[in-house]
Amino acid sequence: MGFFSDRYVRVYHHHLKNAGEVTSRYDQHMKIKRGLLPPPHKDGDTQQARAWWWAWEIDEAIERQRRAIAASERERRQLEAAE
């Protein structure tokens, strides 16, 4: 199980902020825009409606980020070793 799946069903901005996954709404927006976080679900059609994610969606996004970071570190080490 993931970090959020063990604790919540729905994950809101304050959960992401408390866990250190985002630092602000702007940071959250940019992570969504870059594809690091999936687009949120909304409780209504208005712009003020609360945005949320299923816990498993956030856990998968975090795991994808960790794998990407690990892969880039491996690639960097290989390049340094080849020099």
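Here is the chat about the structure shown.

Guide: Keep in mind that this is a predicted model.

Visitor: Fine. What does the secondary structure of the protein chain come to?

Guide: Three helices and three strands. From the N terminus, the order is β-α-α-β-β-α.

Visitor: And in what order do the strands sit in the sheet?

Guide: β1-β3-β2, in an open sheet with antiparallel pairing.

Visitor: Why is one side of β1 and of β2 left without a neighbour?

Guide: β1 (10-11) and β2 (41-42) are at the edges and have a single partner strand each, so one side of each has no neighbour in the sheet.

Visitor: How many bridges join β2 to β3?

Guide: Two, and the strands run antiparallel. β3 covers residues 51-54. Lysine 42 has alanine 51 in β3 as its bridge partner.

Visitor: New topic. What radius of gyration does the protein chain have?

Guide: 16 Å. A compact globule of 83 residues would be near 12 Å. The C-alpha trace spans about 55 × 25 × 20 Å along its principal axes.

Visitor: What share of the residues count as buried?

Guide: 28% of the 83. The chain exposes about 6200 Å², and carbon and sulfur atoms supply 52% of that area.

Visitor: What about contacts between residues 24 or more positions apart?

Guide: They account for 44% of the contacts with a separation of 6 or more.

Visitor: Last one: how far apart are the mean positions of the positive and negative charges?

Guide: 4 Å, for 15 positive and 13 negative charges.

How values were computed: Residues are numbered from 1 along each chain as its sequence is written. This is a predicted model: local features need pLDDT of at least 70, side-chain atom pairs count only at pLDDT 80 or more; totals for chains, interfaces and linings use all residues. Side-chain values use heavy atoms; hydrogens and water are left out. Helices (H or I, at least four residues) and strands (E, at least two) are DSSP runs, numbered from the N terminus. The radius of gyration is taken over C-alpha atoms; the globule rule is 2.2 Å times the number of residues to the power 0.38. Buried means under 20% relative accessible area, exposed over 50%, partly exposed in between (1.4 Å probe, protein chains only). Contact means heavy atoms within 4.5 Å. Accessible areas come from the Shrake-Rupley method with a 1.4 Å probe; for residues, only the protein chains shown count as cover. Lys and Arg count as positive and Asp and Glu as negative; His and the chain ends are not counted. The place of a charge is taken as NZ of Lys, CZ of Arg, CG of Asp or CD of Glu. Two strands pair if DSSP finds at least two bridges between them.
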